[in-house]
Amino acid sequence: MLSEFVKGLMSIPLNIPGTTYHRCMKNQKKVLQLMKDILREGQNSTEKRKGDFLDQLIDDVKKEEFMSVDLAAVIMIALVFASFETVSTAFRVAMMFLTDQQAPLIVKELLVEHQTIIHNRENVDSPLTWEEYKSMTFTPKVINETLRMTNSLPGIVRKANKDVHINGYVIPRGWIIIVIQTAMHMNPEKFKDPLSFNPWRWNFLKLHIGHWIKYYGQKFHPIWRREEELCRD
């Protein structure tokens, strides 16, 4: 059901039986209804609360004026979609690059970094801590390079809620903006040899607005936060 929904996201919008878009819209309704059912089941449950994401959404529906069951269901779909499509795609791309013939040096440096963390633990079987994560210096570069080359979505769509002035141009209020991150991430003027998987490039990169989007959707790189405030769904 979700895979059919994903296929229709960038299809020709012909809502006619038999088309990819029509199947996408049908599955969207099914997924939305499924999320609403899960929410209502949680609302009516007498079991002890777990304090997880679902419980937080249920609390927000009760307390926050802006949060409705419909909006909560959409947020749940977005979370499932992110874990189903973009994370799995990025992980597959990372594995592809790390098993490439040119990757031994990358893998070696990753292993040294993670083996050092494990060696410094009192209990080698303990889970990763926030301090350990912050101590990593090379792993974030591998992640950044993977995200730069993955571009799991063909574009990021936003609607300007006011006139936006950028570099002498005006994007009128109400216009739809499509940010093509591939054009940024594969720009040879900003990324030397852009088709090469090179985590070490992040040792020297100095990026500015419009050069790099770390995550799709709402989680923009910090340099994009101001633009995100001007352009929202």
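Here is a friendly conversation about the helices of a predicted protein model.

Visitor: What percentage of the 233 residues of the protein counts as buried?
Guide: A residue counts as buried when its relative accessible area is under 20%. By that cut-off, the buried part of the protein is 35%.

Visitor: Are helix 3 and helix 4 roughly parallel or roughly antiparallel to each other?
Guide: Helix 3 covers residues 53-63 and helix 4 covers residues 69-98, and their axes lie 10 Å apart. The two pack at an angle of about 155°. Angles over 145 degrees count as roughly antiparallel, so the arrangement of helix 3 and helix 4 is roughly antiparallel.

Visitor: Which class of residue makes up the contact of helix 3 with helix 4?
Guide: From helix 3 come Phe53, Leu54, Leu57 and Val61, which meet Val69, Ala72, Ile75, Met76 and Leu79 in helix 4. Sorted by class, this contact has no polar and no charged residues. What remains is 9 residues, and their class is nonpolar.

Visitor: How does helix 4 lie relative to helix 7, roughly parallel or roughly perpendicular?
Guide: The axes of helix 4 and helix 7 come within 9 Å and cross at roughly 110°. Angles of 65 to 115 degrees fall in one class, and therefore helix 4 and helix 7 are roughly perpendicular.

Visitor: Which residues of helix 7 make the contact with helix 4, and how many residues of the contact are polar?
Guide: On the helix 4 side you can find Thr89, Ala90, Val93, Ala94 and Phe97. Helix 7 brings Thr146, Leu147, Met149 and Thr150. By class, the contact has 6 nonpolar and no charged residues, and the number of polar ones is 3.

Visitor: Is helix 7 largely enclosed or largely open?
Guide: Among the buried residues of helix 7 are Lys141, Glu145 and Arg148, along with Val142 and Leu147. The buried residues pack against helix 4, helix 5 and helix 8. Because 10 of the 12 residues of helix 7 are buried, the rest of the structure leaves this helix largely enclosed.

Visitor: How far apart are the end C-alpha atoms of helix 7?
Guide: Helix 7 runs over residues 139-150, which is 12 residues.

Visitor: Which residue just after helix 7 takes a positive phi?
Guide: Look at the position just after helix 7, where phi is about 45°. The residue there is Asn151.

Notes:
Residues are numbered from 1 along each chain as its sequence is written. This is a predicted model: local features need pLDDT of at least 70, side-chain atom pairs count only at pLDDT 80 or more; totals for chains, interfaces and linings use all residues. Side-chain values use heavy atoms; hydrogens and water are left out. Axes are lines fitted to C-alpha atoms, for helices over the stretch in contact, and angles run from 0 to 180 degrees between N-to-C directions. Helices (H or I, at least four residues) and strands (E, at least two) are DSSP runs, numbered from the N terminus. Angles under 35 degrees count as roughly parallel, over 145 as roughly antiparallel, 65 to 115 as roughly perpendicular and the rest as oblique. Contact means heavy atoms within 4.5 Å. Ala, Val, Leu, Ile, Met, Phe, Trp, Tyr, Cys and Pro count as nonpolar, Asp, Glu, Lys and Arg as charged, and the others, Gly among them, as polar. The expected span of a helix is 1.5 Å times one less than its number of residues. Buried means under 20% relative accessible area, exposed over 50%, partly exposed in between (1.4 Å probe, protein chains only).
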